[in-house]
Amino acid sequence: MKLSPREADGYFAKPDPGKTGILIYGADAMRVSLKRQQVLAALLGPGAEEEMRLTRLPGGDLRKDPAQLLDAVKAVGFFPGVRAVFVEGANDTATPAIIAALEEWQPGDARIVVTAGQLKASSKLRKAFEGHSNAYAAGIYDDPPSRAEIERILGEANIRDVPGDSMSALTDIANDIGPGDFSRMIEKLALYKHGDSSPLSLEDIGAVAPQSTEAALDDVLNVVAEGRSAEIGPLIRRLQAQGTNAVTLCIGATRHFRTLYTIASAPGGPAQGIGQLRPPLYGKRRDRMLRQAQNWGANRLETALTIITDTDLALRSAGQTAPALALMERALIRLAMLSRAR
């Protein structure tokens, strides 16, 4: 049987021990792995490895010895409880052995959990599970995690008191980074909050959130918008070491100052403007952008955008001979000086 994404989420959280097994497939190996870990933990409970109730078989090994899968499924365990056989990275060469095990499965046998990469609708392995009356097939896609999925990950980490602004921030982070990185971030967050019963704050999240090139770019642009010209050079060297080029920096500056202009030019004032941003800003970042917009004002921000546009045209000009990052650095210093002009 084929599971829809919503049905699959329910099954992963509470698998039916009476089912023959499940095929989990998808292009993102990390997403597939995380779902496999979830379903095995829910199906077998704690201690499965120690009690030898879980058998692992690489999919590539089934070509040479296809009978080992059926032997593992039929084996009698020494400990009571549900047993499972996990076939990792199944492909076409493993399909005959898996189909044979599905056909021979009887109640009391080990459950069959199979993972695979992206499978076409015509795949024999996928058809075997989708057409089986007592087994499931679930495709894992690169969709952003739902709120329920994020709440589940937080719950497993014993992080339960999460205000709305913190949940929104976590949702934004989950949409920006991969599922593996997000899970590791939540593990760090759980350690960071160990022994702390206060609600999860934006400061807590900021303390463990992964620092990327995007974060370093934000650092430079905040320094520029706040007129701290002496700090621009070292930060640009840091971005250069991370592989950021002048055009990327110019695009980031355009986005930042356009956002400030949107805030500053709102008919009801900057407070109204920042409240209308989509996606919204939260916490310290919101307060910082509001202060910057109030300090600059709409008129000076128009001038700033003109400077950035002229620099962008110069960077893309065929006749430009000056080093691109040096040109961009000079423009940012001009902007920082402009922010202090009265």
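**Strand pairing and helix packing in the predicted model**

Strand β4, which spans residues 84–90, runs parallel to strand β5, residues 111–116, and the two are joined by five bridges. The structure described here is a predicted model. Within this pairing, Val 87 has Val 114 of β5 as its bridge partner. Five bridges likewise join β4 to β3, again with the two strands running parallel, and here the bridge partner of Pro 58 is Glu 88 in β4. Strand β4 is mostly covered, in that five of its seven residues are buried.

These pairings belong to an open sheet of six strands, arranged in the order β1-β6-β2-β5-β4-β3 with parallel pairing. The edges of the sheet are formed by β1, residues 2–3, and by β3, residues 54–58, each of which pairs on one side only.

The loop that connects α1 (5–13) to β2 (21–25) contains Thr 20. The relative accessibility of Thr 20 is 1%, and this residue therefore counts as buried, the cut-off for that class being under 20%. Setting aside residues up to four places away in sequence, Thr 20 touches Leu 102, Trp 105, Ala 110, Arg 111, Ile 112, His 132, Asn 134 and Ala 135.

Helix α1 also packs against helix α2, residues 29–44, at an angle of about 45° and with the two axes 7 Å apart. The helices α1 and α2 are therefore oblique to each other. On the α1 side the contact is made by Asp 9, Tyr 11, Phe 12 and Ala 13, and on the α2 side by Lys 35, Gln 38, Val 39 and Ala 42. When these residues are sorted by class, the contact of α1 with α2 has five nonpolar residues, one polar residue and two charged residues.

Two further packing arrangements involve helix α15. In one of them, helix α12 (residues 246–264) packs with helix α15 (residues 324–340) at an angle of about 25°, and the axes lie 9 Å apart. The two helices α12 and α15 are therefore roughly parallel to each other, since angles under 35 degrees fall in that class. The crossing in which α12 passes α15 is left-handed. Ala 246, Leu 249, Cys 250, Ala 253 and Phe 257 of α12 meet Ala 324, Leu 325, Met 328, Leu 332 and Leu 335 of α15. The residues of this contact between α12 and α15 comprise ten nonpolar, no polar and no charged.

In the other arrangement, the axes of helix α11, residues 232–241, and of α15 come within 10 Å and cross at roughly 145°. The crossing of α11 and α15 is right-handed. Helix α11 contributes Ile 232, Gly 233, Ile 236, Arg 237 and Gln 240 to the contact, whereas α15 contributes Leu 325, Glu 329, Leu 332, Ile 333 and Ala 336. By class, the residues of the contact of α11 with α15 divide into six nonpolar, two polar and two charged. Leu 325 and Leu 332 of α15 are listed both in the contact with α12 and in the contact with α11.

Gly 268 counts as exposed because its relative accessibility is 51%, the cut-off for exposure being over 50%. The C-alpha atom of Gly 268 is separated by 17 Å from that of Leu 301, with the two residues standing 33 residues apart along the chain.

Technical notes
Residues numbered from 1 in each chain as written. Predicted model: local features only at pLDDT ≥ 70, side-chain atom pairs only at ≥ 80, totals over all residues. Heavy atoms only, no water. Helix = DSSP H or I, 4+ residues; strand = E, 2+ residues; numbered from the N terminus. Buried < 20%, exposed > 50% of the residue type's maximum accessible area, 1.4 Å probe, protein only. Contact = heavy atoms within 4.5 Å. Axes fitted to C-alpha atoms, helices over the stretch in contact; angles between N-to-C directions. Parallel < 35°, antiparallel > 145°, perpendicular 65-115°, else oblique. Left-handed = near helix turned anticlockwise from the far one by under 90°. Nonpolar A, V, L, I, M, F, W, Y, C, P; charged D, E, K, R; others polar. Pairing = 2+ DSSP bridges.
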